[in-house]
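Hi,

Here is the structure I promised to pass on. Have a look at it first, and then read on for what turned up.

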Amino acid sequence: MRRFFWLVFAGTLLAVSLLGWRGLKSRKPPVELFPRSIFPGMETQRKVKEQKPSAFFSDGRAARPPVAGTVPVEEPVKEEYFSTGVIGDRWGDGIPVPVDRKLLERGRERYTIYCQVCHGAAGYGDGIATQYGLVGPANYHVDRLRQMPDGEIFHTITKGRGLMLGYGANLPIEDRWAIVAYLRVLQKSQFTRWDELSPEEQKLLKEKP
Ligand code: HEC
């Protein structure tokens with residue numbers, strides 16, 4: 001009988017000591033079961049605290065400014081359409097930077113580096129990666145993509161779409177527009193309607209044997 005009593009007593013003590021303090025809050029530092037030299041806990045490790053000076057750096061600042069030349073992952077929004085491809089609640093159309101030879105050459109170069117592996121040199125969605133099992137890069141020479149607003153293409157480059165990752169962190173905004181402009185060139189190079197040609201161009205084509 002006495003043994004039973006002690007068993008119940010020990011059991012109760014164990015239950016209370018393990019479960020009894022659940023939910024209790026304390027401002028005291030946590031109990032450390034092991035010496036810090038063996039198990040340094042995150043509470044007590046040496047670290048920089050917010051809004052506190054640091055003795056480690058000569059200028060005393062704990063929060064370090066970014067290293068010179070650091071590339072921001074997200075560029076600050078300058079002008080809504082320029083930065084996002086969106087105007088209000090719809091896609092905008094048009095290239096918001098001057099389109100000249102320089103921009104198109106830049107676009108060609110960036111396209112070759114970043115897009116060609118999947119979409120192919122002419123944009124038929126037949127890049128080298130498709131020979132290694134990648135399925136489904138878009139073919140730019142379909143009506144849906146011919147009619148797609150520039151802003152939506154810009155957005156696809158920035159954020160990606162389906163299997164395609166976004167390239168916003170790799171390509172500055174200006175380069176993304178350069179690629180959009182070059183993508184339009186690719187589309188025109190493969191498909192241009194007769195009535196979009198100037199009379200001189202039509203004449204030239206008719207003269208060709
Ligand atoms: C790793 C392969 C890969 C790379 C690199 C890549 N894409 Fe894509 N892209 C895809 C795939 C796959 C799709 C189809 C996504 C879907 O519809 O699910 C696609 C779709 C698209 C579309 C059509 C989106 C739509 O709304 O249907 C556009 C436009 C496009 N890519 C442009 C680009 C541009 C510009 C680049 C270079 C900056 C690029 N892609 C780089 C794989 C790639």
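A quick word on terms before the details: contact here means heavy atoms within 4.5 Å. Please also keep in mind that this is a predicted model.

With that cut-off, Trp177 touches Tyr81, Phe82, Gly85, Gly94, Ile95, Pro96, Val97, Asp150, Gly151 and Phe154, leaving aside residues up to four places away in sequence. Trp177 also belongs to the largest nonpolar core, which has 22 residues. Tyr111, Tyr140, Ile153, Ile157, Ile179 and Val180 are listed with Trp177 as the residues with the most contacts inside that core. At least two core residues come from each of α2 (80-84), α3, α6 (150-159) and α7, and α7 gives the most, with 9 residues.

Helix α7 (residues 173-190) also packs against helix α3 (residues 101-114), at an angle of about 90 degrees and with the axes 7 Å apart. Angles of 65 to 115 degrees count as roughly perpendicular, and α3 and α7 are therefore roughly perpendicular to each other. On the α3 side the contact is made by Leu103, Leu104, Arg106, Gly107, Arg108, Arg110 and Tyr111; α7 brings Asp175, Ala178, Ile179, Ala181, Tyr182, Val185 and Leu186. By type, the residues of this contact are 9 nonpolar, 1 polar and 4 charged.

As for annotation, an unreviewed UniProt entry places the feature "domain: Cytochrome c" at residues 102-187. Over that stretch the chain is 55% helix and 5% strand, and the end C-alpha atoms lie 19 Å apart.

Best wishes

Terms used:
Residues numbered from 1 in each chain as written. Predicted model: local features only at pLDDT ≥ 70, side-chain atom pairs only at ≥ 80, totals over all residues. Heavy atoms only, no water. UniProt positions renumbered as here; feature names shortened; annotations may be inferred. Helix = DSSP H or I, 4+ residues; strand = E, 2+ residues; numbered from the N terminus. Axes fitted to C-alpha atoms, helices over the stretch in contact; angles between N-to-C directions. Parallel < 35°, antiparallel > 145°, perpendicular 65-115°, else oblique. Nonpolar A, V, L, I, M, F, W, Y, C, P; charged D, E, K, R; others polar. Core = buried A, V, L, I, M, F, W, Y, C linked by side-chain atoms within 4.5 Å. Buried < 20%, exposed > 50% of the residue type's maximum accessible area, 1.4 Å probe, protein only.
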